[in-house]
Each structure stands twice: as C-alpha cells, then as structure tokens.
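Let's take a friendly walk through this structure together. Please have the sequence and the 3D view open side by side as you read.

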Amino acid sequence: MNGSTRQAADFLRSYDGAKIRLMEVCGTHTAEISANGIPSMLSDRIRLISGPGCPVCVTVSSYIDRLIEYSMSENTTVLTFGDLLRVPGSGGSLADAIARGGRAEYVYAPSRVIERALEEPDRSFIFGAVGFETTAPVYAMLLEELLQRGIRNVRLLTSLKTMPAAIRAVARLARDAGEPVDAFLAPGHVCAVTGTADYAALAKELQVPFVVSGFGGEELLAAIYALVKLRGRGEMRNLYPRIVRPEGNPRALEAVNRFFAPADAGWRGLGMIPGSGLLLREEYSSFDAGSAELSEDRPAAGCRCGEVLTGRITPGECPLYGTACTPVRPVGACMVSAEGGCHTAYVSSGGKGRKKEADLT
Amino acid sequence: MMVTMAHGSGGEETEKLIREIFAARFDNPWLSGLEDAAAVPGSQRLAMTTDSFVVRPLEFPGGDLGKLAVCGTVNDLLMRGAVPKYLTAGWILEAGTDLALLERIAASMADTAAEAGVQIVAGDTKVVENVHEDGGIVINTAGVGFLREDLEVSASRIRPGDQVILSGTLGDHHAAIQSARMRLDNDICSDVALLTEPVSIMLGAGIRVHAMRDVTRGGLATILNEFARDAHLTIKLEQETIPVSPAVRNLCGILGLDPLTMGNEGKFIAVVDPADAEQALELIRGTSCGQQAAVIGKLTEWVDTDVILHTSLGGTRVVAPLTGEGLPRIC
C-alpha cells in the first residue's frame, strides 16, 4: 500500500463528518468493491449503494419473454451471453425454455455468432444484445461484419442502455424519497467510450460530485476518498486518465452512431426513461428482431429489484433475499449476474442471508 | 479408424478393442487373466473412492483425459493418507471417436498409473451413439488405497491454531480448459499432476497433517468452507500469500473469474499442526509440483463466519463457497 492509499484508507476509516451516501453505477465497480473488502474499510458514516449498472439486472421482463418466444419458434436459435440465460422473465427464464425444448445457446464473443450463422445458414439466429455504451461498439462491429459478409440469418434483439439519463432518473428518485445520493462513482469503462463531458454536466446539474474511477482496489479507494472530500460540490474528476480521455473513443462512438440512434428505453425498476437507450437505425431495421416495443416490465411477485437498483432499499431489505431468491434459484435479475447488487451482497456475506448482509452494509 | 457401435457389442470387436488398446497398455498380473473380477492382495483398512471424468476437449495444454482420470482418483486416495494401489477403469465411448485419439488417451493413462505406482486391475467398455460431431470419451475410475492403522487424516482432526498450506498456484486447470474452449492464444497449462510426492514426503517425515483436500471443482473457497463448517472453526486467509500466476490473474481479469472458485487438478491444501508448518512447507516446496507452496492462513475459534479473507488492500471480506454453475464440466 503506498502512502497516498494509506492516507485515504486512514481518512475513510476514521471519517466522522456528516453521513454520506455514495452510489457506484457500474456493476464491475460493485463486484470489485466487494472483492477488495472495501466496505469493511469505511467508517459507518459512509454508505455505498449499488446503482443500475449491471446490464442483465436492468433488462425488463418483456425482453426476456420475447427471447423465450424466439427460442420456441421453429428453425430459430437464440444466442446470448451466459448470464442472460438465467434471468427470469414474467414466467420462466431462457434456461427453463431450453429444458422445455427451446433452442438457446450462450456465446462468449460475438465472433461465435458469425460462426453459428455460417454453420447453419438455413437457421434463423436471434442474438440477445444487451449492454451499455461499452458493449454497443462490439455489436456495431458485429453488424459491420454481417453486412460485409452478406450474412442474412442473424437478427439482433437489442436492449441497449445509456447511462447519463438513468443516473439523472435515479438521483431524482432518491431525492424524492428523502434519501438523496450525495456522490457518484462514474463508470470507468463507459467513460472510456463516451468521454467525460456528460458526467461533468450531470455533476453541475445535480450539484453532486462525480469521480471517474478505475477498477483496482487502490483506485477505488482513492475515488471514494475524492468523493467524500468533494461532497457538496458539483464537480467531476477523472481519476482514470490512463484509460479515460475527455473525448472518449471517437472510433467506437462513430461505429455506434453509424448503426444505432438514441431512443427511449425501459429499465427494470425505473420504468421508461427518455433518451436512455439505443435502437438500430431505420436503414438497418432488417437486422432488428423487434426491439423497440419491449418496455413492459412485470417482475415476479414480491421481487423488489427495482428498489435495490435505485438504492431505495438494500438487498437485505427485500423479503425474498436469501430465502426465496438465492444465486442458485434467482427470482430477480439482481441475484443472477455476478455483478448484480443482490448477488454481490449474498456472496460477500457468505451466503448467510439477510442478517449478515445487513451487518455488512 | 473410428469407434463404431460394433466395438460395444460384447462380441469379437469388443474383445479386440479391449486387448489391443487397454489390456496391452495396462498389463499386470491381476488384469491379464481378464476374469470377471480381479483378485488382489489387500490390507486391514482400505480407502475407496470413485470419480468420473467428462472434460472436453479431451486433450488440452498440460494434459489429457487419461492423465486426469488417474490423477483425480489417486489424489483423492492420497488426501486420506492412503497409499493408492488399484484402479478400475470404465470407458464410455461415443461412436465416431478417432481410435488413434483413444490410443493416446489410454497410453497417457497407463503412463500416469505407472508413475503413481497403481495397477489398473479391472475395466469395462461401452459404446454409445454419437452425440458430439467428433465423438467423445468419458472415463470413470474407482480407486483403492491401503491405509495405515495409526494414521487418521480427516476434517474432524482440524484444531484452532492449525496452519493452512496451499501447494501452489490457483486456477491453472480451469484457465487452460477455458482458454482451449474459447480458442484463446496463451501459455496457460493445466496443472493436472499426481500429488504422490509431496504427500508421501510429508507423511514420511512424520509431519502432523490433520486434514488434506485436493483443490478441484468448486475451488479453494468451497473446500475451505467445507473444512470450516465440519470443524466448527473459522479459517482466516491472507490474500497476499495466495499464489496465482500472472497469466491466470490476467485471464481472470478479462473473463471476470475468481481464482478462489476455480478448479485445479494438481493442487492440495494441507492443514497441519502449527509446530510442523514450517517444515511441511519446506518439504512441499522441494517437490516438482509444490515449488510455489505457501502458508495462506490459519484456523481460529469460530467468529461468526466460516472463511474470512484479509484483502491485499487492507479490508476483510467473507469468502463464500461457489454458488451456481461456475463453468460447466472442466474435469
């Protein structure tokens, strides 16, 4: 541990100023904070809450339901990233659909989508393309390749989200609920693509600090330290400059802009947020498997993922947490993904359920 | 040449397959009669175990299914302090499997058994219809080992103050299989290995080994939780002391894997009396598969949690057993 990290650690451990609520809005931050044991290093006056930064967790049930329908359709195979198979829709999950004879496979990389399409040229493939600004360029490159190679048996069912409008919505919800978020850890990977201007503007608008952070333990500690120090100031700091440039990654942005246009998007727990998503542009609609109309969200009875995602309750305050809803048998999306708030809380409390988790937050 | 359904008929082709591919390589006095059961010399106390091996790909950097099928079962016997003696081998072959591949796997199995000092004394072969395009092989091995009268190695003997020694780096097998499946270009090799040398050296030197477990599926996190739960004690780990190779750490970063829940096939933990820990570590480090061994933690009275990790950053967190799938079928 170097000198400045030690200084930050000492400060955060002994902090006795006004209570402060910090939100991290990136699922990888959530997982790394937990893996490094950071909650144990903070004064109990500093509270970390996980925001809507796990793409699987914010996906609405109607999207999952549509993928399931496709998996049961004749001569059709759904391809997705692994986590998505286990996310419950309004009925079951894609994994359940497979058990009933549905066709869905998980892929590690979009290049596998191309391989599958070429292996079975007469079969129709639906690729479940979920993600944030970070994954959108990957889908753009896939589309580029599909076009170049003239592959016509792949369509995308997209659920692509963009962060700034969602952060604004979460901040307002929390403020209205009387528990405002005092500072935000800005998503490092997202900023590497989009740049930092949106976050500087949000900081000013919401009058709370934003710090762009990397993913190492020392980087996260430094970012939390900066946020506590900046409390009350509408300023943005970039503490991840080796990866994040103010202007982002122009090439990636260009690729995304070619294929996708900003659109309204439905978020689990947050509802419809104007301008918080991406849809395929009109001229590429032949690659779209009907993504636009999917905004309805009907989570399982009793599931409070929406409130967890917005920081209104901790995972332990959901009545299903650790009892009906566990990583082995998840009811809500937040318990599925290794980057989901409930999954992280469950694992970092040793799987002991509610009491332990409450102790650790 | 390929495996065909006729190889599983029980008729002439089956006999030819058994004689030419298996019996020729596993040859020993107890097997050579090809009787319905092998009659073997015994011992007062026996350790018995069985395991099935379904990994794909069948050959991977650092090993193959045949080597794995011997190491997995022999290591399980060693973990109880037994001297491994006999194995059985049950083969389930898919029609369409390349016979040259089958021969390589059988040869590797024979070599590993010879290295382990065990005899393959009985076997069975079945052929099933083709499932995978390129065929497939599943092996079950059962193992018998001789136990000393005066030696009890089990989780029930763990005491507060005991030290936890890990015999080397975590995650190599899992990372190698995952890389092969994703066709990633890296130098990661499976750690599949016999643990005969470090175990016999420790026990031979009279180290008070209270419990041992090989760190296979579920990873270190799962095994230590089992130990802690069975012993009603807490295990405290120091993250900085847990060895992980830079290449595996890098892959974990990219794929979001945790070395603590990844499978290994040539690593074990030994829970030893604190007075013997230093000598035990030295002995393990002197063996070919234990050069990076480390004391990674200790047992304490139960403090409300089974396994606690002191992170390199200076925090603490609970280490939970693996939940969900991790990744399917890596051993």
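Which residues are buried in helix 13 of chain A? In this predicted model, the buried residues of that helix are A:Gly341, A:Cys342, A:His343, A:Thr344, A:Ala345, A:Tyr346 and A:Ser348. Seven of the eight residues of helix 13, which covers residues 341-348, are therefore buried, so the helix is largely enclosed by the rest of the structure.

Let's stay in chain A and turn to its cysteines. A search over all chains of the whole structure turns up one disulfide. A:Cys54 and A:Cys57 form a disulfide, with 2.4 Å between their sulfur atoms. If you look along the S-S bond, the angle about it is 75°, and the link between A:Cys54 and A:Cys57 is right-handed.

As for cover, A:Cys303 is buried with a relative accessible area of 17%, and A:Cys305 counts as buried at 5% relative accessibility.

Now move over to chain B, starting with its overall build. Chain B has eight helices and 13 strands. Its radius of gyration is 21 Å, close to the 20 Å that the globule rule gives for 331 residues, so chain B is as compact as a globular protein of that length. Along the principal axes, the C-alpha atoms of chain B fill a box of roughly 65 × 50 × 30 Å. Of the 331 residues, 53% count as buried.

The surface and the charges of chain B come next. Chain B exposes about 14,300 Å², and carbon and sulfur atoms supply 50% of that area. There are 26 positive and 44 negative side chains in chain B, with the centres of the two sets 4 Å apart.

Where is B:Thr311 found? B:Thr311 sits in the loop between strand 12 (307-310) and strand 13 (316-318) of chain B. At 6% relative accessibility, this residue counts as buried, since the cut-off is under 20%. Leaving aside its neighbours within four places in sequence, B:Thr311 is in contact with A:Ala35, A:Asn36 and A:Gly37 from chain A, and with B:Gln239 and B:Arg317 from chain B.

The other residue is B:Val54, found in the loop between strand 1 (46-53) and strand 2 (59-60) of chain B. B:Val54 has 29% relative accessibility and counts as partly exposed. If you follow the chain from B:Val54 to B:Ala142, the two residues are 88 residues apart in sequence, and their C-alpha atoms are 15 Å apart in space.

Note on methods:
Residues numbered from 1 in each chain as written. Chains lettered and ligands numbered in written order. Predicted model: local features only at pLDDT ≥ 70, side-chain atom pairs only at ≥ 80, totals over all residues. Heavy atoms only, no water. Helix = DSSP H or I, 4+ residues; strand = E, 2+ residues; numbered from the N terminus. Rg over C-alpha atoms; globule rule 2.2 N^0.38 Å. Buried < 20%, exposed > 50% of the residue type's maximum accessible area, 1.4 Å probe, protein only. Areas by Shrake-Rupley, 256 points an atom, 1.4 Å probe, with all protein chains shown as cover. Lys, Arg positive; Asp, Glu negative; His and termini not counted. Charge placed at Lys NZ, Arg CZ, Asp CG, Glu CD. Contact = heavy atoms within 4.5 Å. Disulfide = S-S within 2.5 Å.
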